[in-house]
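Hi everyone, thanks for coming.

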Amino acid sequence: MKYLERVFIFFTVKFLWKFKGIFHEALRRFQAVEADGVWHLYRSLDQVDNKKTRFKLFLHLLEEESHADAFVDMYEELSGEKFTKLLFERKPIGGKDDPLWKSIAFVHIGEEHATERFKYISKFHNNQYFKENIDTIVEDEMGHVDLTETLLLEVGASKEDIRKEYRSISINRWKDSFLRLLSSLYEKIANTLLSILYFAFAPFVFLQSRKKLKNYFVSLDANKIKRFER
Ligand SMILES: [Fe+2]
Ligand SMILES: [Fe+2]
């Protein structure tokens, strides 16, 4: 799976991101993901009593906030446009009664994926300014991978629970990405078919209209239209 993801990142960075609009949109999405991480960490602070653990979570939160800000700067620098936020609905991780460690395990897997993804994005990208910024973020994310692992044990999760949770989160993440990919493919195929239909029939409609407009009076059969509407 990791190899497939690397190929996907290579293709995205080397080909898709040549279209500036797609690249700039990706920067906005990265900002949204980092800001979303801040929101989740902020919510989890309420569930922690231990001051040392709260302090670590707060530091983590500040670093994620700095990543979100870095993506705003990158967007404005590389697109030359004012940054506008992506709006989407935020959902808490897990159920109301789920223990805190489950959310931390979820964040941990997200940190691992972010580290891998950003590492390869930096490797395949040519813009020096962008690479330097991403490399700084990768260093922080690597620290977050270790930090979340330590936090999991600090909040009382057992190694066996952690291992099982990692597995189920990874499977769900792959399932979600696969479904997202399928739905975007479906959307693209449907749009292409509609465009083909439009261009295939447009000349006939045009010729028909021209023929009608040649007459001095244009005859309109209202009953025929009504039949279509039924
Ligand atoms: Fe981050
Ligand atoms: Fe992170």
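Let's start with a question: in which hand of crossing does H2 pass H3? The crossing of H2 past H3 is left-handed. For the term itself, a crossing is left-handed if the near helix is turned anticlockwise from the far one by less than a right angle, and right-handed if clockwise.

Before I go on, some housekeeping. This is a predicted model, where local features need pLDDT of at least 70 and side-chain atom pairs count only at pLDDT 80 or more, while totals for chains, interfaces and linings use all residues. Residues are numbered from 1 along each chain as its sequence is written, and chains are lettered from A and ligands numbered from 1 in the order in which they are written. When I say helix, I mean a DSSP run (H or I, at least four residues), numbered from the N terminus.

Okay, back to that first pair. Helix H2 covers residues 20-45 and helix H3 covers residues 51-79, and they pack at an angle of about 165 degrees with their axes 9 Å apart. That makes H2 roughly antiparallel to H3. The cut-offs go like this: angles under 35 degrees count as roughly parallel, over 145 as roughly antiparallel, 65 to 115 as roughly perpendicular, and the rest as oblique. The axes are lines fitted to C-alpha atoms, for helices over the stretch in contact, and angles run from 0 to 180 degrees between N-to-C directions.

What sits in that contact of H2 with H3, by class? There are 16 nonpolar, 7 polar and 5 charged residues. Here Ala, Val, Leu, Ile, Met, Phe, Trp, Tyr, Cys and Pro count as nonpolar, Asp, Glu, Lys and Arg as charged, and the others, Gly among them, as polar.

Next pair: H3 and H5. Their axes come within 11 Å and cross at roughly 160 degrees, and H3 and H5 are therefore roughly antiparallel to each other. H3 passes H5 in a left-handed crossing. On the H3 side the contact includes Thr53, His60 and Leu78, and on the H5 side it includes Tyr129, Asp140 and Leu151. Contact, by the way, means that the C-beta atoms of two residues, placed from the backbone, lie within 7 Å. By class, the contact of H3 with H5 splits into 8 nonpolar, 5 polar and 5 charged residues.

Now H1 and H4. Their axes come within 9 Å and cross at roughly 45 degrees, so H1 and H4 are oblique to each other. H1 passes H4 in a right-handed crossing. Arg6, Ile9, Phe10, Val13 and Lys14 of H1 meet Arg117, Tyr120, Ile121 and Phe124 of H4. That contact of H1 with H4 has 6 nonpolar, no polar and 3 charged residues.

Phenylalanine 10 is partly exposed, with 14 other C-beta atoms within 10 Å. The rule is that a residue is buried if 20 or more other C-beta atoms lie within 10 Å of its own, exposed if 12 or fewer, and partly exposed in between, with C-beta atoms placed from the backbone.

So where do we find the largest nonpolar core? It has 10 residues, among them Leu100, Trp101, Phe106 and Val155. Helix H4 (100-124) and helix H5 (128-154) each supply at least two residues of this core, and the largest share, 6 residues, comes from H4. A nonpolar core is a set of buried Ala, Val, Leu, Ile, Met, Phe, Trp, Tyr and Cys residues joined through C-beta atoms within 7 Å.

Valine 155 lies in the loop between H5 and H6. Is valine 155 buried or exposed? With 20 C-beta neighbours inside 10 Å, valine 155 counts as buried. Leaving out residues up to four places away in sequence, valine 155 touches Thr53, Leu100, Trp101 and Ile104.

Last stop, helix H6 (residues 159-214), where alanine 200 lies. Alanine 200 is exposed, with 9 other C-beta atoms within 10 Å. Between the C-alpha atoms of alanine 200 and leucine 45 there are 59 Å. Glutamine 208 is found in helix H6 too, and with 10 C-beta neighbours inside 10 Å, glutamine 208 counts as exposed.
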